[in-house]
Amino acid sequence: MNASHSPGPLPPDVEARPARLTVGVVGAGRVGPALAAALRMAGHRPVAASGVSDASRRRAAALLPDVPLVEPAEVLARADLVLLTVPDDALPDLVTGLAGTGAVRPGQLLVHTSGRYGTGVLAPALRAGALPLALHPAMTFTGTSVDVQRLAGCSFGVTAPQELRMAAEALVIEMGGEPEWIEESARPLYHAGLAIGANHLVTLVAQSMELLRASGVAEPGRMLGPLLGAALDNALRSGDAALTGPVARGDAGTVAAHLAELRAHAPEMAASYLAMARATADRALAGGLLKAEFAEALLGVLADGTGGTGGTDGTGGPGAAGGGDRGER
């Protein structure tokens, strides 16, 4: 953190925090009410929330019953700890606006849950005397009570001034989570890693289900569940060594056939297939899984990107005659 943004001397009670705090939520989306409900289970007291949409109001009513919905400035007026749970792009203007109107109180714990930002985005509130914390739960949220249960064992990316680190980590532990310290400068990279793993996974699974359904599979989810569960477990345990399938084996003809089918039946998916296949090939080559004698034909198909056979006979691609020793899937 920039020295000019140091929080300065701490209030006398901050070392003992988290004591029992009044909690407010600005932005009753999927995340804020769940975190406030978890803090309530730890003995803290949610006292106010703000929400604009009907869905936000329903979530607040379900997860924070009897907690009044008020304007954001009033949330800050009532709460010792305020959760700013708004979209990333809205966070800087929100903080600037709240600080500019005098809503921020000295000694108030101001917590945002953005993965992208550290505490620098809270600088306007810090200048008004707030105690800035960035606590990002590495979890996908549904906006229902199941989210509170999923916080048990959930990792949180924690960034805070050094003097507030213990208080930040204690709050995470009280919510049932596991604190993971992230340096301010590493927040965008950390968030990119999570987005690739979680957000893109949803897109890939949805595309896979669409293709299976189009091929005649009545219940794609039932087919994919065991397969993807095993693939995820293997990947978490073994990393690139868990790679299987036609790209890792160098089955150029199969990959060409996939691309041809995608061009014909789901052209919007061809680009993502190519991008992931190229990335997979690079990792398989680097890890020694993709043998050099099979890589050339495969990389030719991926570089061409047309889904044509690239000179293959459609039965296994270039090198198929000499590829009989691959025989392992």
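A crossing of two helices is right-handed if the near helix is turned clockwise from the far one by less than a right angle. The model used in these exercises is predicted.

**Exercise 1**

Describe how H8 and H9 pack, and name the class of their orientation.

*Solution.* 
1. Begin with the axes: those of H8 and H9 come within 9 Å and cross at roughly 130 degrees.
2. Angles over 145 degrees count as roughly antiparallel, and 65 to 115 as roughly perpendicular. H8 and H9 are therefore oblique to each other.
3. Next, the hand: H8 passes H9 in a right-handed crossing.
4. On the H8 side, the contact is made by Val-205, Ser-208, Met-209, Leu-212 and Arg-213. On the H9 side, Pro-220, Gly-221, Met-223, Leu-224 and Leu-228 take part.
5. Sorted by class, this contact of H8 with H9 has seven nonpolar, two polar and one charged residues.

**Exercise 2**

*Solution.* 
1. The cut-off for roughly antiparallel is over 145 degrees.
2. The crossing of H12 past H13 is left-handed.
3. H12 makes the contact with Leu-274, Ala-277, Arg-278, Ala-281 and Leu-285, while H13 uses Ala-295, Leu-298, Leu-299, Leu-302 and Ala-303.
4. In the contact of H12 with H13, nine residues are nonpolar, none is polar and one is charged.

**Exercise 3**

Find which helices line the largest pocket, and which one gives the most.

*Solution.* 
1. The largest pocket holds about 2,400 Å³ of space.
2. It is lined by 50 residues, and Leu-204, Leu-228, Thr-244, Met-276 and Thr-280 are the closest to its centre.
3. At least two lining residues come from each of H8 (187–214), H9 (220–238), H10 (246–249), H11 (252–265) and H12 (270–286).
4. H8 gives the most, with 13 residues.
5. The lining of the largest pocket divides into 28 nonpolar, 16 polar and six charged residues.

**Exercise 4**

Describe the second largest pocket by volume, lining and class.

*Solution.* 
1. Its volume is about 1,000 Å³.
2. Of the 28 residues that line the second largest pocket, Met-139, Thr-140, Phe-141, Ala-198 and Asn-199 lie nearest its centre.
3. Strand S5 (131–137), H8 and H9 are the elements that give two or more residues to this lining.
4. H8 supplies the largest share of the lining of the second largest pocket, ten residues.
5. By class, 15 of these lining residues are nonpolar, eleven polar and two charged.

Methods
Residues are numbered from 1 along each chain as its sequence is written. This is a predicted model: local features need pLDDT of at least 70, side-chain atom pairs count only at pLDDT 80 or more; totals for chains, interfaces and linings use all residues. Side-chain values use heavy atoms; hydrogens and water are left out. On a 1 Å grid over the protein atoms alone, a cavity is a set of points where a 1.4 Å probe fits but cannot get out, and a pocket is an open set with protein on both sides within 12 Å along at least five of seven lines; lining residues have an atom within 4 Å of a point. Grid points are joined across faces, edges and corners, and a volume is the space filled by probe spheres set on the points. Helices (H or I, at least four residues) and strands (E, at least two) are DSSP runs, numbered from the N terminus. Ala, Val, Leu, Ile, Met, Phe, Trp, Tyr, Cys and Pro count as nonpolar, Asp, Glu, Lys and Arg as charged, and the others, Gly among them, as polar. Contact means heavy atoms within 4.5 Å. Axes are lines fitted to C-alpha atoms, for helices over the stretch in contact, and angles run from 0 to 180 degrees between N-to-C directions. Angles under 35 degrees count as roughly parallel, over 145 as roughly antiparallel, 65 to 115 as roughly perpendicular and the rest as oblique.
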